[in-house]
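I opened a new page for this chain. Below are my notes on what I looked up, entry by entry.

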Amino acid sequence: SGQVRGLCGTFNGDQRDEFTTLEGDVEPGVAAFANAFRAAGACPALGPGIPDPCDGFPGSRERAEAACAVLMGPAFQ
């Protein structure tokens, strides 16, 4: 606890600083934070909204919801 930072967050119990970049800046949102770690030219920058990953894969939402139902079920409570 309190010894990590980067894409995994800070893990210090304070959610206000979870989007801290390697330079020490706290980004206001997910897209800006992710773009701070993007390798130049490796992938396009994220816009203000994060695309829904299920939109590109028909049927993914149903499979994901079924898998999450198991994780949220009594076996893991």
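**Entry 1: D17.** I started with D17, which lies in the segment before helix 1 (30–36). Helices here are DSSP runs of H or I with at least four residues, and strands are E runs of at least two, numbered from the N terminus. This is a predicted model, so I kept its limits in view: local features need pLDDT of at least 70, side-chain atom pairs count only at pLDDT 80 or more, and totals for chains, interfaces and linings use all residues. Residues are numbered from 1 along each chain as its sequence is written, and side-chain values use heavy atoms, with hydrogens and water left out.

Is D17 buried or exposed? D17 is buried, yet has no salt bridge. Buried means under 20% relative accessible area, exposed means over 50%, and partly exposed is in between (1.4 Å probe, protein chains only). A salt bridge needs a side-chain nitrogen of Lys or Arg within 4 Å of a carboxyl oxygen of Asp or Glu. For charge, Lys and Arg count as positive and Asp and Glu as negative, while His and the chain ends are not counted. I then listed what D17 touches: T10, N12 and V26, leaving out residues up to four places away in sequence. Contact means heavy atoms within 4.5 Å.

**Entry 2: the salt bridge.** Side chains of opposite charge can pair when their charged atoms come close. How many salt bridges does a search of the whole structure find? The search finds one. D14 forms a salt bridge with R16, and their closest N and O atoms are 3.0 Å apart. D14 is partly exposed at 24% relative accessibility. R16 is exposed at 70%.

**Entry 3: aromatic rings.** I searched the whole structure and found two aromatic pairs. Rings of Phe, Tyr and Trp (its six-membered ring) pair if their centres lie within 6.5 Å; planes under 30 degrees apart count as stacked, over 60 as edge-to-face and the rest as tilted. F19 and F33 make a tilted pair, 5.2 Å centre to centre with 35° between the planes. This pair links distant parts of the chain, with F19 in the segment before helix 1 and F33 in helix 1, 14 residues apart. The rings of F33 and F37 have centres 5.1 Å apart and planes at 65°, so I logged that pair as edge-to-face. F19, F33 and F37 form one aromatic cluster. F33 is buried at 6% relative accessible area. F19 is partly exposed at 28%, and F37 is partly exposed at 27%.

**Entry 4: the loop.** C54 sits in the loop between helix 1 and helix 2. C54 is buried, with 18% relative accessible area. Beyond its neighbours within four places in sequence, C54 is in contact with S60 and R61. From C54 to A64 I noted 8.8 Å, C-alpha to C-alpha, at 10 residues apart in sequence. G59 is in the loop between helix 1 and helix 2 too. G59 is partly exposed at 31%.

**Entry 5: F76.** F76 is found in the segment after helix 2 (60–71). F76 is exposed, at 54% relative accessibility.
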